[in-house]
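Mentor: Please look over the sequence and the structure shown next, and then we will work through them by question and answer.

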Amino acid sequence: MTRLNVNQVLALCLALVAVGYLAMAWQIPDFPLPRPVDSDLFPKVLGFTLLGLSLLLFLEKPKAQDIPDELDPNEQAQPLLLRPWSRVVVTSLAIVVYALLLAPIGFVVASTTLSFGLAWYYGYRRHGVNMAVSLGVVLALYLTMTKVMDVYLPTGILPL
Amino acid sequence: MEAFNNLMYGFGIALEPMNIAYVFFGVFAGTIIGMLPGLGPISALALMIPITFAMEPSSGLILMAGVYYGAIFGGSTSSILLNAPGVAGTVATSFDGYPLAKQGMAGKALAIAAYSSFIGGTVSIIFLMLVAPLLGKVAVSFGPAEYFALMVLGLTAVVSLSDKSLVKGLIAAVVGVMISIIGIDLQTGTERYTFGAAHLLDGIDFLVVALGIFALAEVFYMLLRGGGGKEQPRNAIGSLKLSGRECRDIAAPIGRSSILGFFTGVLPGAGATIGSFLGYSMEKRLAKDGDTFGKGNIKGVAAPEAANNAACTGSFVPLLTLGVPGSGTTAVLLGALLVMGVTPGPAMIESRPDVFWGVIASMYIGNIFLLVLNLPLIPLIAKILDMPRPLLLALILIFCMIGVYGMSFSVFDLLLLLGFGLLGLGMRLFGFPAAPLILALILGAIMEESMRRALQISGGDWMIFIDKPISMWLLIIAALSLVLPMVKKAIAGARARA
């Protein structure tokens with residue numbers, strides 16, 4: 001069996017999205033009064049267009065820019081948590097945790113911890129500078145947003 | 001005379017102390033952000049939206065415009081010193097700027113970039129001032145069918161002029177439109193693609209998508225490509241002085257490239273990147289010493305720098321007069337204006353002259369700032385490039401989070417931001433251009449509204465788009481912009497096989 005190339009795999013995924021999108025377009029309820037164009041027309045046009053483009057992508061031969069570059073072997077040889085893709089996953093998880101803890105612990109604590117923690121995790125070892133910059137930038141942003149722009153940001157555990 | 005009076009009115013607004021401060025801040029912040037490799041004007045503008053949210057629209061746009069051309073200018077600094085262009089529009093600058101830096105003449109290259117940017121920007125503001133009101137008068141006669149066709153042209157032009165796959169560009173555009181119609185349909189009150197989530201009833205905020213697709217995706221990409229502590233050594237700056245002969249040598253290339261850049265910027269889909277490459281290749285062909293281009297020719301720095309700044313200003317023409325952005329960057333600007341409650345278009349010149357003329361006047365001031373502020377400060381500003389990459393990445397992330405949360409106070413939006421960041425990373429890895437997605441996201445809702453209004457007028461007859469001559473020609477040009485590159489490619493392929 002011939003192996004699918006990267007464009008073909010992407011095309012199949014996009015075609016599935018298009019089919020799902022079209023299925024949902026058919027479930028959009030009609031407007032009670034008759035109109036030349038209802039809410040479902042544009043989504044149907046978009047769904048079929050994406051389906052057609054998926055077919056074209058399936059037939060398109062991938063170029064060098066369509067295939068992700070090989071990752072640096074030295075980076076890949078690092079401990080699991082420090083490998084390139086691990087950095088993306090850990091950062092994503094950190095963002096999720098930040099989003100969930102932002103309100104309970106407050107903007108300043110959560111943001112400073114995220115900034116300091118990520119810079120440290122990415123390899124910055126001057127902890128004093130890291131803490132000073134993280135706290136300084138977050139406090140400056142907090143004060144600008146709350147005092148100058150009247151935007152409320154959660155204070156959380158700090159009596160700010 | 002009318003233009004002069006309007007300009008004076010604009011200066012009255014732009015010279016208000018707070019607006020001068022905003023121009024200063026915008027140019028300065030744009031220069032710094034544009035200098036950072038990877039962060040271009042789109043990210044810079046997206047990061048600024050939360051700051052402009054509560055501002056007067058004229059002040060907000062003045063700041064954003066400053067950020068835009070500041071970012072383009074800042075990109076030249078990293079192109080010259082590191083051979084790592086901060087923005088795509090300054091890639092051509094690195095062809096000769098970096099060799100000059102390696103020869104110990106980085107200061108000279110930076111000074112040429114500053115002078116060229118200043119002249120390019122200033123020349124094109126004069127053109128903008130003259131062309132925009134004329135185009136605005138023509139655009140007043142546009143109905144929904146013409147607008148729909150114009151937006152289709154804007155999208156296809158951006159897709160066809162991208163250096164990536166045409167099909168992938170179109171897919172990105174379709175996905176952008178799909179995202180734009182999530183939420184309640186304002187014409188019928190029907191929910192579309194909300195999956196029952198209350199958070200999605202108002203649709204997805206474009207800032208979430210812009211910051212995710214550009215800034216956050218860039219952070220992820222840098223992490224994948226060794227975002228650790230490796231910094232690139234930069235060249236020493238040296239003297240910033242130019243000799244009389246050098247000034248004479250670059251005068252003509254700057255003049256020619258400024259005009260070329262402006263008109264490239266006006267075209268939908270073109271903009272600073274194409275403008276700078278066109279300026280560079282035009283001067284390479286015209287120069288007697290064209291063979292030294294790429295080896296440290298000062299004209300090779302002057303031409304793209306004048307062209308890219310002129311193109312930035314040129315790109316304001318379709319945005320301000322037609323309300324249709326011609327590039328991803330101006331799409332973000334349009335989004336910011338909509339957030340501030342201003343809808344650009346032909347009526348804006350009459351209804352909001354403070355925004356229109358205030359921005360134009362502020363561009364003069366901004367260009368002077370670019371020159372007098374940045375030139376002496378270049379050695380100092382360039383130290384930003386020495387900032388440790390891990391710290392920089394962490395701070396960009398924080399800016400993204402604050403930008404989104406400060407606008408919506410929604411944890412859901414922070415998670416959406418992450419989703420779009422990952423989508424942006426995937427698009428980057430697999431060669432999908434991001435600019436069509438963001439442009440389509442901004443245009444999608446307006447496009448659908450124009451299409452439906454046109455069809456309502458015609459009683460559902462699709463021929464309305466062909467019966468109206470302007471609409472028909474715009475659609476023909478849109479189709480040609482997609483077909484011609486394919487035909488060209490097919491011919492090139494056939495020749496290669498022969």
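**Loops, helices and contacts**

Trainee: Which loop of chain B is the place of Phe195(B)?

Mentor: This is a predicted model, in which local features need pLDDT of at least 70 and side-chain atom pairs count only at pLDDT 80 or more, while totals for chains, interfaces and linings use all residues. Residues are numbered from 1 along each chain as its sequence is written, and chains are lettered from A and ligands numbered from 1 in the order in which they are written. Helices (H or I, at least four residues) and strands (E, at least two) are DSSP runs, numbered from the N terminus. In those terms, Phe195(B) sits in the loop between β2 (191-192) and α9 of chain B.

Trainee: Is Phe195(B) buried or exposed?

Mentor: A residue is buried if 20 or more other C-beta atoms, placed from the backbone, lie within 10 Å of its own, exposed if 12 or fewer do, and partly exposed in between. Phi of Phe195(B) is near 55°, a positive value in a residue other than glycine. With 9 other C-beta atoms within 10 Å, Phe195(B) is exposed.

Trainee: Where does Phe409(B) lie?

Mentor: For Phe409(B), too, phi is near 55°, which is positive although the residue is not glycine. Because 14 other C-beta atoms lie within 10 Å, Phe409(B) counts as partly exposed. Its place in chain B is the loop between α17 and α18.

Trainee: At which residue does α9(B) bend?

Mentor: The 19 residues of α9(B) should span 27 Å at 1.5 Å a residue, and its end C-alpha atoms are 26 Å apart, which agrees; the expected span is 1.5 Å times one less than the number of residues. Since 18 of the 19 residues are buried, α9(B) is largely enclosed by the rest of the structure. A bend is the angle between axes fitted to the seven residues ending at a residue and the seven starting there. For α9(B) the bend is about 35°, at Gly212(B).

Trainee: Which helix gives the most to the side of chain B that touches chain A?

Mentor: The contact takes 50 residues from chain B and 55 residues from chain A. At least two residues of the chain B side come from each of several helices, including α8 (166-180), α18 (411-429) and α19 (435-457). The most, 11 residues, come from α17(B).

Trainee: Which residues does Leu443(B) contact, leaving aside its neighbours within four places in sequence?

Mentor: Leu443(B) is part of helix α19 of chain B, and it counts as buried because it has 28 C-beta neighbours inside 10 Å. Apart from those sequence neighbours, its contacts are Met151(B), Gly154(B) and Leu155(B).

Trainee: How far apart are the C-alpha atoms of Gly106(A) and Pro154(A)?

Mentor: Gly106(A) is found in the loop between α4 (84-105) and α5 (107-121) of chain A, and it is buried, with 20 other C-beta atoms within 10 Å. Not counting residues up to four places away in sequence, it touches Pro154(A), Thr155(A), Gly156(A), Ile157(A) and Leu158(A). Although 48 residues separate Gly106(A) and Pro154(A) along the chain, the distance between their C-alpha atoms is 5.0 Å.

Trainee: How far apart in space are Leu41(A) and Leu71(A)?

Mentor: Leu41(A) lies in helix α2 (residues 41-59) of chain A, and with 18 other C-beta atoms within 10 Å it is partly exposed. Leu41(A) and Leu71(A) are 30 residues apart in sequence, and their C-alpha to C-alpha distance is 44 Å.

Key
Contact = placed C-beta atoms within 7 Å.
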